Amino acid sequence: MEVKKLSVANFRNLLPSEVEFCSGMNVIYGDNAQGKTNIIEAIWLFTGAKSFRGAKDQEMVAFGMESAQLGLNFVSGGVEREAVINIAKRRSAELDGKKLKAASYLAGNFCATVFSPEDISTVKEGPALRRRFLDLAIGQLYPAYVELIKSYSRAVSQRNILLKNMEGRLSPNEMLDIFEGEIARDGRKITEYRIDYCKKVTENAAGIYRDLSSLREELEVVYIPSCRPEELEERLYKARNTDIYSCSTSVGPHRDDMDFKINGISARTFGSQGQQRSVALAMKLAEARTLKEITGEQPVAILDDVMSELDPDRQAFILNHIKDWQVFITCCDPTNVKPLKEGKVFTVVGGKIKE
Ligand SMILES: Nc1ncnc2c1ncn2[C@@H]1O[C@H](COP(=O)(O)OP(=O)(O)O)[C@@H](O)[C@H]1O
Ligand SMILES: [Mg+2]
């Protein structure tokens, strides 16, 4: 996978521009809040997934504007392709001049793996980061998964609104039955996707982790559902009594988690900080490898401000792994990024991109 050109208009603080990238290492540097992450966020959106920063679509449109337009020329499977994204209230996309059913249908056409400082905390922080890891990785492979997450989340918030409107007194409610049916139906499928993905990624992660750990430790990735998927509808029904007090939904994939076992022991609970960081790194590299196995394409690597967070050994490990990929790397201080190979350097000042 190779990005040739990105064009942006009315996207965050970036001035309208067209940028041509090189096939090797593209370093984007500049002071804080100048627009570095905005550039790579724009590239990332062509994976069809939502923003890796968790931003809502509308938040990415430049302040005061109605819509943003992005264009990407890339090469995939030796073929030059062109994609366009329009972000207004909703996101829409075109690929090679054809309108897609939804922007999520870009998934599987363009792929990228992003490493950001939060990714380093995937193992030790709360479950939301781990679910985000799964959702971004799976969403990039299957447009259907992105749509499932959307309809599932809608059903969960509708159930929550209904519970809230009952003001603490549960009454028989057909609407609640309907939403719980939807939550259970979508939730089961989401769990299946995630369990299947964990199985696929675990082998790659174990291999990479073995290389990274001097102790040759064994890593295993396990998915931990909040309840058995086939029991979800029943569990939702039973949870009504307590969920009504919190006006929230206490079971389902939005409460699931995953754990990483090193030699059979939970890295989240018992791992050293070093082990946890290595696991997080191995997971990211494994995500890229899994993407390549499934799509046949090497994803581009996006490293957002992450190098300064890693010690020299892990920096070297990561750079060594991605040396044959196209890389986008942002940093405040270019001396942090050892020039690995031929590359281009861009500077961003106040949303203006200069080569
Ligand atoms: N929707 C938006 N419209 C205009 N400016 C925005 C929007 N969203 C974020 N920004 C601006 O973008 C800048 C941050 O850009 P970012 O790429 O995160 O910076 P950094 O160079 O530190 O990575 C901030 O100045 C912020 O105010
Ligand atoms: Mg940034």
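This is a predicted model: local features need pLDDT of at least 70, side-chain atom pairs count only at pLDDT 80 or more; totals for chains, interfaces and linings use all residues.
A word on conventions before we start. Residues are numbered from 1 along each chain as its sequence is written, chains are lettered from A and ligands numbered from 1 in the order in which they are written. Local features need pLDDT of at least 70 and side-chain atom pairs count only at pLDDT 80 or more, while totals for chains, interfaces and linings use all residues; side-chain values use heavy atoms, with hydrogens and water left out.

Let's begin with the domains, whose bounds come from an automatic or database domain assignment. Domain 1 takes in 1-111 + 297-355, and domain 2 takes in 120-292. Where they meet, 26 residues of domain 1 are in contact (heavy atoms within 4.5 Å) with 21 residues of domain 2.

Now for the helices, which are DSSP runs of H or I with at least four residues; strands are E runs of at least two, and both are numbered from the N terminus. Buried here means under 20% relative accessible area, exposed means over 50%, and partly exposed is in between, using a 1.4 Å probe and protein chains only. Among the buried residues of H1 are Lys36, Glu41 and Trp44.

Helix H4 (residues 143-165) has 23 residues and should span 33 Å at 1.5 Å a residue; its end C-alpha atoms are 34 Å apart, which agrees. That expected span is 1.5 Å times one less than the number of residues. The buried residues of H4 include Pro143, Tyr145, Ile149, Tyr152 and Arg159, and their cover includes helix H3 (127-141), H5 and helix H6 (232-246). After H4 comes Glu167, with a positive phi near 45 degrees.

Helix H5 runs over residues 174-212, 39 residues in total, and reaches 54 Å between its first and last C-alpha, close to the 57 Å expected. At its start, a side-chain oxygen of Asn173 comes to within 2.8 Å of the backbone nitrogen of Met175. Further on, H5 bends by about 30 degrees at Val201; the bend is the angle between axes fitted to the seven residues ending there and the seven starting there.

Arg194 also sits in H5, and counts as buried because its relative accessibility is 3%. Leaving aside neighbours within four places in sequence, Arg194 is in contact with residues including Arg131, Asp135, Tyr145, Ile149 and Asp256.

Next, have a look at Asp305, in the loop between strand E12 (300-304) and helix H9 (312-321). Its relative accessibility is 25%, so Asp305 counts as partly exposed. Asp305 and Tyr29 are 276 residues apart in sequence, yet 9.6 Å apart in space, C-alpha to C-alpha. Neighbours within four places aside, Asp305 is in contact with Pro117, Thr330, Cys331 and Cys332.

That brings us to the cysteines. A disulfide is a pair of cysteine sulfur atoms within 2.5 Å, and the count by this rule is 0. Cys198 is in no disulfide, with the nearest cysteine sulfur, that of Cys227, 16 Å away. Cys198 is buried, at a relative accessible area of 3%. As for Cys331, its sulfur is 7.2 Å from the closest cysteine sulfur, in Cys332, which is too far for a bond. Cys331 is buried as well, with a relative accessible area of 5%.

Terms used:
A polar contact is a pair of N or O atoms within 3.5 Å; within protein, one must be able to donate a hydrogen and the other to accept it, and residues adjacent in sequence count only if both atoms are side-chain atoms.
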